[in-house]
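Keep the structure open while you read.

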Amino acid sequence: MKSEWKSSTIGEACLLVTDGSHSSPKSTDIGEYMVSVKDFTPYGFDFSSCKRISSEDYAALKRNGCVPKVGDILVGKDGARYFEDIIIYDQPEHPALLSSIAILRCNPQEIVSEFLYYLMKTPSFKQDVRDNYGSGSAIPRIILKDFKRMPIQYPAIDEQEKICSLLSRIDGKIKVNIQINDNLEQQAQTLFQKLFVENANSKWRKGTISDLGTVVGGSTPSKSKPEYYTEQGIAWITPKDLSVNKSKFITHGENDITELGLKNSSASIMPEGTVLFSSRAPIGYIAIAAGEVTTNQGFKSVVPKLEIGTPFVYYFLKNALPTIEGMASGSTFKEVSGSTMKNVPALIPDSETLAKFNEFCGPLFGQQQMLERQNQSLAALRDSLLPKLMSGEIDVSEVST
C-alpha cells in the first residue's frame with residue numbers, strides 16, 4: 001500500500017549526487033570519449049560524433065569522479081531539454097562526462113536504481129521539477145543541491161524490484177528492436193557505401209539533387225489562428241519533432257494542421273516516401289515520411305523521383321551532409337536555402353545499380369518501420385503503466401517476477 005512507502009529525498013537515498021567536468025579538455029582526433037547532453041539517446045549515448053580527449057585528461061577526470069559506473073542514473077541537467085534525458089548507464093564504454101550531466105548513484109540498501117529511474121520518468125515528477133527546481137533564464141538548468149532536496153517516496157526493496165521487473169520487460173523488448181534496426185541500418189549504409197562511394201562509376205552523370213527529386217520547402221500557418229491547428233488533421237512536422245522522435249520513419253509531429261491552415265499558408269502536402277531534411281536549427285535531421293506530410297519552413301525536403309527511389313535519396317542526404325552544411329549561409333544561424341539545396345552536387349547512378357540497391361532496401365525498410373511501430377505501441381503501454389505503478393495505484397504485492 002502507498003501509505004507504507006517511505007518518504008525521503010534523492011540526496012538521502014543516494015550515495016553520490018554529482019556531475020561531470022566543469023572544464024572541457026582539448027579535443028583530440030583519437031582518444032577517450034567525452035560526452036555531453038547532445039550525445040544522449042533514450043537508452044544510452046551515441047558515441048559516433050562525441051568529443052574525444054587525451055588519455056591524460058581522461059585519467060584526471062576519472063580521478064575526479066567524472067566517469068560513470070554501470071548502474072548510475074545520468075540526467076541531462078542543463079539546456080532546453082533539462083531533465084528530459086534520463087538513462088541508467090549500462091554501456092561497455094566508459095566516457096567522461098561534462099557538467100551538463102548529473103550522476104546519481106543509489107544506495108542499494110535504500111532504493112533500486114531502476115526504481116528511481118522510472119520514478120524520475122513519470123510525468124508528475126518531471127512537471128514538479130520544471131515547476132520548482134529549474135533555474136537560469138538564458139540556459140535553464142538544475143543545480144546539484146536541488147537534485148538532493150527533491151522529495152521521493154518508495155516501497156520496500158522487494159516491491160521496488162517487482163515494479164521495475166514489469167517495466168523493464170517492456171523496455172527490454174524495445175531495446176532489442178532498436179538493436180535489430182541498428183543492425184539493419186548498418187547493412188544498408190554499408191551497401192550504399194560500397195555501391196555508390198567506393199565503387200562509383202566514372203561514367204555516371206554529374207548532376208544535382210534536383211535530378212534525384214523535387215526539393216520542397218515548408219511553411220507555418222499563423223499561430224494566432226487556433227483554427228489552423230488540430231490534434232488530428234494533416235501531419236505537420238517541425239525540426240523539434242525530429243529532435244524528440246529519433247525514429248527513421250515519421251507520420252505525425254506534435255501538432256497537425258487543418259485544411260484551413262494548409263490553404264492559408266504556403267505549406268505543401270508531400271507523399272509517403274518523401275525524405276525530410278531539416279535545413280536550419282539544426283541542419284541535417286533526416287527522416288522518411290511514412291504517410292502524407294507537410295513541414296514548417298525549417299525543411300528542404302526531397303520528393304524522390306520514381307526511378308531514383310526513397311532509399312537512395314535517404315542515404316545520399318546522410319552521406320552528403322558535410323557538403324550541404326558547407327554550402328549553408330547566414331550570420332545568426334546557418335541555413336540551407338531552397339536554391340542551394342537544389343544545386344547540391346550529385347552523381348546519378350545507372351538504373352541497374354539503383355534497382356539493385358532499392359530492391360535490397362525495400363524489405364529492410366519494411367521491417368524497420370514495423371519494429372518502430374511496435375516500439376511506439378510498447379512505449380505507450382509502458383507510459384500508461386508508469387504513473388500508476390510509481391504512485392502505488394497498481395498494487396504489485398502479489399505479482400511474481
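Two strands count as paired if DSSP finds at least two bridges between them. Helices (H or I, at least four residues) and strands (E, at least two) are DSSP runs, numbered from the N terminus. This is a predicted model, in which local features need pLDDT of at least 70 and side-chain atom pairs count only at pLDDT 80 or more, while totals for chains, interfaces and linings use all residues. Residues are numbered from 1 along each chain as its sequence is written, and side-chain values use heavy atoms, with hydrogens and water left out.

Start with Val17, which stands opposite Leu104 in S10. The strands S2 and S10 pair in the antiparallel sense over five bridges. On S10, Ala102 is the bridge partner of Val75. S7 and S10 are also antiparallel, with four bridges between them. S7 (residues 73-76) in turn joins S8 through three bridges, again antiparallel. There, Leu74 has Ile87 of S8 as its bridge partner.

Put together, these four strands form an open sheet in the order S2-S10-S7-S8, with antiparallel pairing. The edges are S2 (14-19) and S8 (86-88); each has a single partner strand, so one side of each is left without a neighbour in the sheet. From one strand to the next, the twist averages 15 degrees. Axes here are lines fitted to C-alpha atoms, for helices over the stretch in contact, and angles run from 0 to 180 degrees between N-to-C directions.

Contact means heavy atoms within 4.5 Å. S10 is mostly covered, with five of its six residues buried. Buried means under 20% relative accessible area, exposed over 50%, and partly exposed in between (1.4 Å probe, protein chains only).

Now turn to another sheet. Three strands form an open sheet in the order S6-S3-S9, and the pairing is mixed. S6 (51-53) and S9 (96-97) stand at the edges; each has a single partner strand, so one side of each lacks a neighbour in the sheet. S3 (residues 32-35) and S6 run antiparallel, joined by three bridges. Tyr33 has Arg52 in S6 as its bridge partner.

Next, the cysteines. How many disulfides are there? The count comes to zero, where a disulfide is a pair of cysteine sulfur atoms within 2.5 Å. Cys50 is in no disulfide, and its nearest cysteine sulfur, that of Cys66, is 15 Å away. Cys50 counts as buried at 10% relative accessibility. Cys361 is buried too, with a relative accessible area of 0%.

Finally, step back to the whole protein. Its secondary structure comes to eleven helices and 22 strands. The radius of gyration is 24 Å, close to the 21 Å that the globule rule gives for 401 residues, so the protein is as compact as a globular protein of that length. That radius is taken over C-alpha atoms, and the rule is 2.2 Å times the number of residues to the power 0.38. Buried residues make up 49% of the 401 residues. Among contacts with a separation of 6 or more, 76% come from residues 24 or more positions apart.
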